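Here is a note for a colleague who is meeting this structure for the first time. Please read the points with the sequence and the 3D view side by side.

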Amino acid sequence: MKRFHKWYEAEVRKIAGLPPKQRITYIWGYYKLWITGILSAVILISWGIHHYVTTNADNWFFACFANTHADLGDGSEFWMDYVNYAGYDLSEKNLIFDDQCYCDPTGNTAGNVYYQKLITYMESGMLDVLVMEKDRLQAIGASGRLMDLEEQMHTIYEQYEDRLVYCKPLEESYGKEYIPVGIDLSDTILTGENSPYTEGAALGISALAPHPDQAEIFLKYLFSQSETDL
């Protein structure tokens, strides 16, 4: 604690001795990661409080559609169509579709608030499924944040065996060189020309998904629709 106080006092003196413009440059140059992290935490905490206060206690299903500007979120035609398809009673529980997430897990994610939000969804056990570009989903899967479909969702693994998306786990101790972490969504309502994912997409199930059984229903819905239905 004494060491921290000495460092803090030295930094305050150093910053106080700089001209105003140089202070801003110095603070941003040396503390931008801290600043970004604090702001991200504030945003995430604010979102969590808002979500807790304004929604029911539990969800039927929670899906995140990353890196698309299509209207797939709560209240959209897509959302409402799936409510009717799945037969959810929204007075009892929620159906959450988040389409406000933009990140590239294959690159540098430092300071990306959307990426931090996504990881919070997954590590807190809130998110059920994630839809994004195939290579980016593989990057999420490599970190261990998606289910091994062969081991944990064998019904889906067998049903969509010709559409499995594999990744190489970052942890060499995992025991497998490649693991199936996603389903290729080619030829579904979400992919193809004039669709939310023109370059293709895949779906993965969060490793801590609270409603993994609902993922099977959602996949059946996606493959039962045509592009013109969206």
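1. How many helices and strands are there in the protein chain? There are 8 helices and 6 strands, where helices (H or I, at least four residues) and strands (E, at least two) are DSSP runs numbered from the N terminus. Along the sequence they follow the pattern α-α-β-α-β-α-β-α-α-α-β-β-β-α.

2. A word on the basis of this note: the model is predicted, so that local features need pLDDT of at least 70 and side-chain atom pairs count only at pLDDT 80 or more, while totals for chains, interfaces and linings use all residues. Residues are numbered from 1 along each chain as its sequence is written, and side-chain values use heavy atoms, with hydrogens and water left out.

3. For the chain as a whole, 41% of the 230 residues count as buried, that is, under 20% relative accessible area, with exposed meaning over 50% and partly exposed in between (1.4 Å probe, protein chains only). Of the contacts (heavy atoms within 4.5 Å) with a separation of 6 or more, 68% are between residues 24 or more positions apart.

4. Helix H3 (residues 77-86) has Phe78, Trp79, Tyr82 and Val83 as its buried residues. Because these cover an arc of only 140 degrees around the axis, they lie on the same side of H3, the arc being that of the directions from the helix axis to the C-beta atoms. Just after H3 comes Gly87, with a positive phi of about 75 degrees.

5. In helix H4 (residues 113-123), the buried residues are Tyr115, Lys117, Leu118, Ile119, Tyr121 and Met122. Gly125, whose phi is positive and near 75 degrees, follows H4.

6. Strand E6 (residues 202-205) deserves a look from both sides: Ala202 and Gly204 point one way, Leu203 and Ile205 point the other way, and all are buried. E6 pairs with strand E3 (residues 129-132) in the antiparallel sense over 4 bridges, where two strands pair if DSSP finds at least two bridges between them; Gly204 is the bridge partner of Leu130. Strand E5 (residues 179-184) also runs antiparallel to E6, joined to it by 2 bridges, and here Leu203 is the bridge partner of Ile183.
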